[in-house]
Amino acid sequence: MIFAALEPAALNATVILSPGIALANTLGEKNNRPLSAALDQSGLSAPYVSGTTDFLTYTATTTNATGNGNIFRSDNPTGFIDLDLGGLFNITGLALWNVNGSRAVRDFEIFVSADATFSTVTSLAAFTDVTQGNGGVLEAQALTFSSGALTRYVRLQITDNYGHNNQVSFGELGFQATPEPSTLVLTACALGLFVFWNRRKAISAPALQRAAVDSSAPYSKNRRTSSIELL
Ligand SMILES: [Ca+2]
């Protein structure tokens, strides 16, 4: 019964996952617009909890501000970034807060690797002509992979921008992932305890009322004594 109650949204929802840390970056970066500014939630209109916050709800409503410290700007128009998610996750898509103009990301490919050196990479998804941002406030675009991958290491390979000779830029990156089993177990346990507690309250309430009636005299006496002491 408890697990049946969990089926609808809780178990089917996906969560937003932090892109983790960069292990390599062949794109380079500008001083005031480092790569970290696209990985650390800087400039986002609301924070998220990696692995917990609902992906679709969050990316539909959250924007990324532009300006120094909020977005990443490279030194090369194409190249790759190798990311360490910090653990194994089943990623099924990503969210990109893209800039507008010639520096915007246009085409890119996602690879996964079994090791941190990316000695062998496997293509997971490729996207072309992705939408540019909206100037001063960048909206997220959610892009879904045709199939998910259980991985820790992800490469973002940018293969084209919208025309700039030596720079590409975006505001933030986040992955879409299925919740970790441990999270689901905790959720199930929490809901199970909630159901159990409410059933216990429903059963025990009449018994408690009877007990209160049976012992009303000494209980009231004690309460009065206590009140007087407080005064
Ligand atoms: Ca940012």
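## Briefing on the fold, core and loops

Among contacts in the chain between residues at least 6 apart in sequence, 86% join residues that are at least 24 apart. The model is a predicted one, and its secondary structure comes to 5 helices and 9 strands, which follow the order α-α-β-β-α-β-β-β-β-β-β-β-α-α from the N terminus on. Of the 231 residues of the chain, 30% count as buried.

**Nonpolar core**

- The largest nonpolar core holds 38 residues, and those touching the most other members are Ile16, Leu17, Leu96, Val105, Leu156 and Phe170.
- Two or more residues of this core come from each of strand E1 (15-17), helix H3 (55-61), strand E5 (79-98), strand E6 (105-113), strand E8 (137-161) and strand E9 (169-177), and E5 gives the most, with 9 residues.
- Leu156, when residues up to four places away in sequence are not counted, touches Phe80, Ile81, Leu83, Phe108 and Ile110.

**Strand E9 and its partners**

- Strand E9 is mostly covered, since 9 of its 9 residues are buried.
- E5 and E9 pair in the antiparallel sense over 7 bridges, and within this pairing the bridge partner of Trp97 in E9 is Glu172.
- E1 is joined to E9 by 3 bridges, and these two strands run antiparallel; the bridge partner of Leu17 in E9 is Phe175.
- Strand E4 (residues 72-73) is also joined to E9, in this case by 2 bridges and again in an antiparallel arrangement, with Ser169 in E9 as the bridge partner of Arg73.

**Loop residues with positive phi**

- Most residues other than glycine have a negative phi, which is the background for the two residues described next.
- Phe118, although it is not a glycine, has a positive phi of about 55 degrees, and this residue is found in the loop between E6 and strand E7 (121-127).
- Phe118 counts as partly exposed because 17 other C-beta atoms lie within 10 Å, whereas a buried residue would need 20 or more.
- Asp129, likewise not a glycine, has a positive phi of about 50 degrees, and Asp129 lies in the loop between E7 and E8.
- Asp129 counts as exposed because 9 other C-beta atoms lie within 10 Å, and the cut-off for an exposed residue is 12 or fewer.

Definitions and conventions:
Residues are numbered from 1 along each chain as its sequence is written. This is a predicted model: local features need pLDDT of at least 70, side-chain atom pairs count only at pLDDT 80 or more; totals for chains, interfaces and linings use all residues. A nonpolar core is a set of buried Ala, Val, Leu, Ile, Met, Phe, Trp, Tyr and Cys residues joined through C-beta atoms within 7 Å. Helices (H or I, at least four residues) and strands (E, at least two) are DSSP runs, numbered from the N terminus. Two residues are in contact if their C-beta atoms, placed from the backbone, lie within 7 Å. Two strands pair if DSSP finds at least two bridges between them.
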